[in-house]
Amino acid sequence: MLELQNLAAGYRNVPVVSGVSLQFAPGKILVLAGPNGCGKSTLLRTALGLQPKLDGGVLLDGQALENLSPRQIAQKAAFVPQSRAVPRITAGRLVLHGRFPYLSYPRRYGKKDHETAWRALEWAGAADLAERPLMELSGGQRQRVYLAMALAQDTETILMDEPTAFLDIQHQMELMALARRLADAGKAVVMVLHDLCLAMKWADRIALLYGGRLLDCGAPEDLYARGCLEEAFGVSLGRVDAAGGPYYYYQPLTNRGGTEERL
C-alpha cells in the first residue's frame, strides 16, 4: 500500500501542495480532484519518487520510498502519465516494456512476459492494436496502449494522471469500468480526473485539493453533503437519484441575473 504522510510537493523548493496525508487503499478507486494548478499531478509524481518531495514522507508497503530502488518501486506501483514520447515501435512491443522491472540483463522476454502483455492489451481494450505502429494511432488509442503497458507491470497499485484525456465518451466509460474491475480484483487505483461528475459516479473516495492543501477526503456523497466541492470549483453540484445510482450535474452558483441556471 502507498501512504502519504504530511507530504509537501512542488518545484524549486516552492510547495504547490503541502501537509497531505492519504492512504491509497487496495480494492478502492481514489480520485484526486481539484481546480487546475492545485497540485494533483505534482502530488502523484512525488508519491512515486518521480520528483523529489519537499517535506513529509511516502511509505510503500511500509518502507520509506527513498530506501527502495526504482526497480523495486516499479514492481509495486505502475504509473500512467498524462503525456509521453511516442517511440517508433508497435503497440504490442511498447506494452512489453511494462515487463522491464522483472527482467535481468540482458533483457529477454519469456513466455510469462508475452502472456502478461497480451492479457494487459485485452484488459485495456487494445488487443486489436498490437501490431500497429504507435505513431499511427490516435491519441485515444495510444492512451489505451499506455494503460496496457502499466497493467503489464502487474502491480498492486496503479496511478493514472488524467487517463480519460483524448478518450471519447464511450471509451471514458470503458476505462472507468476497467478501473472498477481492477479495484474489485484488489488493486489500489488512484486517478487524477478533471471531470467531477465522472469522479462522483465511479470513485470510492475523492481527495479534494484546493488552496495548496487537502481540503477534504471521503466518499463522493459525503463531499457532496458537506458542500466543499462548491468551495473548490466555484460551481453548484446538483443531484438526481436514479435507478442506477445518483446522477450529478453542474450548475453555476449564480448567473448574471443572480439565479441558478442548469448547464
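Helix α4 passes helix α5 in a right-handed crossing, a term used when the near helix is turned clockwise from the far one by less than a right angle. The contact (heavy atoms within 4.5 Å) is made by T116, A117, A120, L121 and W123 of α4 together with A148, L151 and A152 of α5. Of these residues, seven are nonpolar, one is polar and none is charged; Ala, Val, Leu, Ile, Met, Phe, Trp, Tyr, Cys and Pro count as nonpolar, Asp, Glu, Lys and Arg as charged, and the others, Gly among them, as polar.

The model is predicted, with local features needing pLDDT of at least 70 and side-chain atom pairs pLDDT 80 or more, while totals for chains, interfaces and linings use all residues. Residues are numbered from 1 along each chain as its sequence is written, and side-chain values use heavy atoms, without hydrogens and water.

Helices (H or I, at least four residues) and strands (E, at least two) are DSSP runs, numbered from the N terminus. Helix α4 spans residues 111–123 and α5 residues 139–152, and the two pack at about 135° with their axes 8 Å apart. Axes are lines fitted to C-alpha atoms, for helices over the stretch in contact, and angles run from 0 to 180 degrees between N-to-C directions. The pair is therefore oblique, the class left after under 35 degrees (roughly parallel), over 145 (roughly antiparallel) and 65 to 115 (roughly perpendicular).

Elsewhere, four strands form an open sheet in the order β2-β1-β4-β5, with antiparallel pairing (at least two DSSP bridges between two strands). Its edge strands, β2 (14–24) and β5 (63–64), each pair on one side only. Five bridges join β1 (residues 2–11) to β4 (residues 55–60) in the antiparallel sense, and Q5 has G57 of β4 as its bridge partner. Helix α1 (residues 40–47) lies across β1, β2 and β4, at about 120° to β1.
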